[in-house]
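Here is a short briefing to read alongside the model. Take a look at the fold, then go through the points below.

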Amino acid sequence: MAQLLYRLGRFSFRRRRLVAGLRALILLLLAAGALTLGGKTVDTFTIPGTESQEALDALKRDLPDAGGAALTVVVQAPAGTRLADPITRAAVADVVAQAAKLPGVVAVVDPYASARIDRSGTIGLISVQYTKGADDLSPADREDFDSLASEGTDQRPRVVPGGVSGGGPEIGATEVIGVAVAALVLVVTFGSLVAAGMTLLTALIGVIAGMCGLLLVTAVVEVSSTAPVLALMLGLAVGIDYALFIGSRHRTQLAAGMAAEESVARATATAGSAVTFAGATVVIALAGLSLVGVPFLTAMGLAAAGTVLTAVLVALSLLPAMLGFAGGRILPRGLRNRGVHARQAGEDGFGFTWARWVTRFRVPVVIVVVGGLGVLSVPVRDMRLALPDNGTAPAGSHQRVAYDLTTAAFGAGANGPLLVVIRGPRKDAVSSLAGRVTAGVRKLPGVAAVSPGPANAAGTTQVVLVTPAGGPSSAETARLVRALRDSVALLAGGSTSVAVTGATAVGVDVSQKLTAALPRYLGVVIGLSFLLLLLAFRSVLVPLKAAAGFLLTTGATFGITVAVFQLGRAADLFGVDRPGPLVSFLPIIMTGVLFGLAMDYEVFIVSRVREDFVHAGPPSDATATAATVAGVGHGARVVTAAALIMAAVFGGFVLIDDPTIKAIGFGLALGVLIDAFVVRMTLVPAVLILLGRRAWAFPRWLDRITPRVDIEGDSLRRPEPADAPELVRL
């Protein structure tokens, strides 16, 4: 691999104008395609084959009107009045008339006809039925519905439209903070505005290309609205890191006196090999999400994997070309003006000092790190999962205000009623079963109310509405869903079927499916990555150590995330105004992303250790220790900068109001810091020193059948002559 990347780096350097022009052309074509052919993202959280989804599909077939989005408008009477007052009643009638005129609305039921007025007579609910499902509502539909809002006066009621999400999370100025911090870290690390700007530009080009490709995919495949944000934060973070890693190796070699062309080629071969394997682990972890069998999760994983793959390709091809354009300006002005080559960095930097300290106290370090991360993992025992609802919408939004008013007037369960769908070939059998279901459900704990719902004209499909006592995402309602299913299953028989659905039921099914799939997903992803690291490092213990370190990182990250977002500890510091369950897909998404990023730093650090060990002479415990100190010492500055940059990019998304993105950004930023500084730069060298040369032991039989990829660049010990023929052609 090193030879192949060496030739690619040299070709990109020599033909930099051609490479840059081709990349610009590809980027323009992708942008044009995204603008003209790109579709839209969706907010679907469904799993085909589950009871809740099958019941919803049946409703769409048998009761098309009932299968559409059922939205709610909350009306609150002016102070000192009641909804029954003539003036207020006339104002509510105007709101009902306005709602009935909205495009796509097939029915509007005022609170007087449905008796959905609270005991005080001041708050009522208007039901608005759409033909389209909530996921199919266009931005114009959402805006029209929100236009019903009114703050109210002394004569007119307050009107708050709720029940429909505000669409996917938007990228705004808050995320620029992360990029600004990344730019500052790059300037400090490189000491050169040219080097910092070039690294950022390379990463941005990769991200733009990846995002344009993702928008093109939305024209033919349904993509979750969260997927572009996840792809953006990952693509930007790894794009900067990969460019930083290759660029830093080039700067070191250039400062040591190596010719620019040779330096770019060698940096692409050695650091580029590490980038290739690191990127491959991230892509495997993200693409592996398709194994779970959840469509929206598959789309998210593949979208993010595509962006990461683009970042790797840009770092290996476009970056060498840009390094050619930069020339000596990539070095600080002081080094360029001396007219002599700077000596290589001495072994007195912080990285070497830290590595020697870890060497000296390796046993206490292992005990403290493993014990500390274990303690931080304790809150994971209390983790609860659910789909997001309007109770976690940003404070002050229409959705959140409507949710809170409904909860205060009718109880939290009114925000997410459950639907019992009864189907059969005969009307009398369905009607009889509906009566038995209604009577039986009333006796269940956690049920606030039961009422008959709509039925089709033939009477072969009947809906029974069940209002839980708890909110849509509460543990109490999740238990009610399971109890409800057990209860109605005993009543159904023959050709008549009963199924429970609704937003809460869908959430329960999604959580169960993802929880059951997590062990299988981990097994496949860790297994494939183990083989990849075994191939890269030709060691059995190093990949095992990498997997164990990842488990410690994941446990501590999930523990702190649960403590903040679910248990509410220090929640105000991160803008979490209402703690609650974590979104159902967060554990498996964060597991995949963190695993890929953890392997990034594992490859970055250990590849340098392996390189020094291979080139140090006869293997021994002393050479293994020296290689570990040298590898950590040389890599500490780059890994520190990379981790801070990645954490800054992820941390910028914590400022988004969307609770799902906020939790993902928080978890990833925290996980990166824990993994880079606590696990990879502290625990890993301590364990490597304890293992000594045994860390690099490789069975002979396995050595014979394992291909050599030469990640340490051993085949480049004798460089090709400068006028060697080019072996890479475009």
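**Overall picture**

Buried residues make up 53% of the 730 in the protein chain, where buried means under 20% relative accessible area with a 1.4 Å probe, protein chains only. This is a predicted model, in which local features need pLDDT of at least 70 and side-chain atom pairs count only at pLDDT 80 or more, while totals for chains, interfaces and linings use all residues. Residues are numbered from 1 along each chain as its sequence is written, and side-chain values use heavy atoms, with hydrogens and water left out.

**Fold and dimensions**

- The protein chain holds 23 helices and 10 strands, taken as DSSP runs (helices H or I, at least four residues; strands E, at least two) numbered from the N terminus.
- Its radius of gyration is 30 Å, close to the 27 Å from the globule rule for 730 residues, so the chain is as compact as a globular protein of that length; the radius is taken over C-alpha atoms, and the rule is 2.2 Å times the number of residues to the power 0.38.
- The C-alpha trace spans about 90 × 45 × 45 Å along its principal axes.

**Contacts**

- Of the contacts (heavy atoms within 4.5 Å) between residues at least 6 apart in sequence, 80% join residues at least 24 apart.

**A hairpin to look at**

- Strands β7 (residues 447-455) and β8 (residues 461-468) run antiparallel and are joined by six bridges; strands pair if DSSP finds at least two bridges between them.
- Alanine 449 has threonine 467 in β8 as its bridge partner.
- Five residues lie between β7 and β8 in this hairpin, and glycine 459 in the turn has a positive phi of about 75°.

Note on methods
Buried means under 20% relative accessible area, exposed over 50%, partly exposed in between (1.4 Å probe, protein chains only).
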